[in-house]
Amino acid sequence: MNYELPEDLRLLRDTVRKFAADRIGPNARAWDREGVIPAETLREMASLGLMGILVPEELGGAGIGYLGMSVVVEELARQCGGTALVVAAHNGLCCGHILVAGNAAQKQKYLPPLAHGEMLGAWALTEPGSGSDAAALRTTAVRDGDGFVLNGSKNFITNGDKAGVFVVMARTDPEAPKAKGISAFLVERGTPGLEIGPKEDKLGMRASDTVPLGFHDCRVPAANLLGELNAGFLDTLKVLERGRITIGALSVGLGRGALEESLKYSGEREQFGKPINRHQSIQFMLADMAVRVDAARLLVRKAAWLQDSGRTSNLESSIGKLYASEMATQVCLDAIQIHGGYGYLKDWPVERLMRDAKLCEIGEGSSQIQRMIIARALLDLPK
Amino acid sequence: MAADTASDEMLIHAAREFARSELQDRDRRWDRGEGTVVEVLPTLAEMGFFNIVLPESCGGLGCGYDTYAAIIHEIAYASPSAAVTLCVHNMVGHVLNLFAPAHLRETLLPHWGEPESFGAFAISEAGAGSDPSASRTRADRHGDSFVLNGEKMWITNGLTGRWFVTLARTSPGTGKNGLSMILVDGNAAGVGRDPIHGKMGIRGSETAVISFSDVKAPCDNLLGEEGEGLAVGLTALNGGRIGIAAQATGIAAACLDEMIKFAHEREQFGTQLSSFQAIQQMIADSAVEVAAARELIGYAADLIDRGQLDPAASSKAKLFATEAANRIAYRAVQLHGGMGYVNECRVEQLYRDVRVTTIYEGTSEIQRLIIARALLKDGVH
């Protein structure tokens, strides 16, 4: 693995860093409060190529792979976790699944508008009764003439409030073992029978919307079957294997943000006659935070590099996601501690970063699921 | 950590095979007080491990630090004592190559791969550990020679070592000014060596008190500029820390493998330990930390190989790897239960061996100071 980013990604990093500092950071507090990102910002991100990170250039995307994804998402999350999550779910999950499983016609139809930011993408796996045990999902899709009819409900769907298209996992063979009877479907906004529920009132990641979905005899054309019939869960696992790289990168951005804010604050704040960063106990906290941020970034990039070189990163994605997400929460808590009472106020960004960070330990496979995946790989246990 | 080339890959593989077949059982014996690593020095030298990083023009293998770390990792996996022995010898060679005057480089380095050239650092003293500027060993000029008087402590390779890179005060006063690094021949008259007994771990490696009583060293043996001894020492430690980080990670990897093996073998409540989530989590957490340590080491090594000086990177690798290795060894003993508490079980020894890694070549506290200073100066990058 090359530890130095290639030249094009260094340039991209600098561009996104500046964009995020100018256009996202100053608004992040308002977006967190109001629970919305302006459409204008999404358009600006699309014009930078950030809505088609994985999509090949011929389909209107940037085609910069998972290393590119990890760079972009880290920079966005440095300023606002919610904004980064919108980009992560759109690119990694929705576009990612279409790239993994879609046929030429589906890619041609959906990826250009997604990459151009004309349409936001969402991905619907989780249900009220199936979170970590995702294969236990109960939404059904029944073949009916030249289409499928979906019934059931989904929840915790990122981008669902505004998405133009949803990738939805549903059970197509109730007789098969639970992971072997699942298929994925492309469901467009406005399809009769698709009900988009109210936005959840979340602890963090508030700039990104999260909604429940209802499917009531929701009919989609057979052409919207994404991937092979009954093989949807395998594709889902592939999407998650890669999606975890993105959540890892998001965590790195949050941790770095907390560290940078702490460095700044501790240089300004004086107690006992000197800046608090001259006290060893604060210095040691900063040092430990920096080590963890670095370790997390290296683990995430290792997984990204494996993906981009065409290899599997199942173990490495989980290692990176687990370490980075737990790092982010810990580092954000330490940042609040360094800020003292001010860190407990919404006036200071670390309070928001900490709330955003907690999601990373839960979404796209909780820490407990990551540990299970890692242990199974090491112990060679049945999956 | 990864090999730079196919030949590096073969070297790492050779180190692994050799360490596991030839060193591991010996290391267990050394731990019981029967012999030391000195008995295998000729073999280690013959394998090329005495001279890993020096360029081929000096008779070295010319490996990058990435490969160096991977070799130390493999050696430490089987023998933590052999690993630290090699770390020190290789780093002494590195320092000589960087700072020794031409005549010393020309006479010493072509032989650095031979067991007779065994090297050591003599920096710490009873009163100067984390603060080497408190060193009191003196080197007074008499004609063409320095005359050294004083006592150094915790000297790895100290009983058998031939060449001592020694920190001594060359001008009167106290503090960091006036300290110089001087190469002292261990065969010179007046050098005393006493073993330090009762170490908790790495008992197969030599640790000694070295005393200098009117020991003469030619003035030409000055390494770097007079008065710049601490700077020379810091450069040595930059690479040295990568070695200790790799040593700790090798021990951690051995602990992890012992955990996996035991989890499969041991049955309780009618099933293998490996089927319990509590056990799986201990193994998963350990694997994550080993992976993170390896990446931090690889990154720091890559910076050195590209000539980018960033002492904080080596400190981050050393801090994380050694602290993590201690946590992993703790889990390994815990997972083995009562078995892990007796010497018959290898993890009992590894638990003791790993403890020193957060102490020597800069304690964890010193690493945090270095990292924090770099952060306050340069910010996050």
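Begin by selecting A:Gly131, A:Leu240, A:Arg244, A:Glu364 and A:Gly365, which among the 48 residues that line the second largest pocket lie nearest its centre. The model is predicted, with local features needing pLDDT of at least 70 and side-chain atom pairs counting only at pLDDT 80 or more, while totals for chains, interfaces and linings use all residues. Residues are numbered from 1 along each chain as its sequence is written, chains are lettered from A and ligands numbered from 1 in the order in which they are written, and side-chain values use heavy atoms, with hydrogens and water left out.

A pocket here is an open set of points on a 1 Å grid over the protein atoms alone, with protein on both sides within 12 Å along at least five of seven lines, and its lining residues have an atom within 4 Å of a point. The volume of this one is about 1,500 Å³, a volume being the space filled by probe spheres set on points joined across faces, edges and corners. Colour α6 of chain A next, since α6(A) gives the largest share of this lining, 9 residues; helices (H or I, at least four residues) and strands (E, at least two) are DSSP runs numbered from the N terminus.

Now move to A:Ser70, A:Glu74, A:Ala249, A:Val252, A:Arg297, A:Val300 and A:Arg301, which line the largest cavity, a cavity being a set of points where a 1.4 Å probe fits but cannot get out. Its volume is about 30 Å³, and α7(A) gives the most to its lining, with 3 residues.

Then show chain B beside chain A, where the contact (heavy atoms within 4.5 Å) takes 34 residues from chain A and 36 residues from chain B. The two chains bury about 3,200 Å² between them, 73% of it on carbon and sulfur atoms, buried area being the accessible area (1.4 Å probe) lost on putting two parts together, summed over both. On the chain A side, select A:Tyr3, A:Val291 and A:Leu379, which lose the most area to chain B, together 21% of what that side buries.

Finish at B:Arg368 and A:Asp288, whose side chains meet in a salt bridge at 2.8 Å, N to O; the count between the chains is 5 salt bridges, each a side-chain nitrogen of Lys or Arg within 4 Å of a carboxyl oxygen of Asp or Glu. Highlighting α7 of chain A then shows the element that gives the most to the side touching chain B, with 14 residues.
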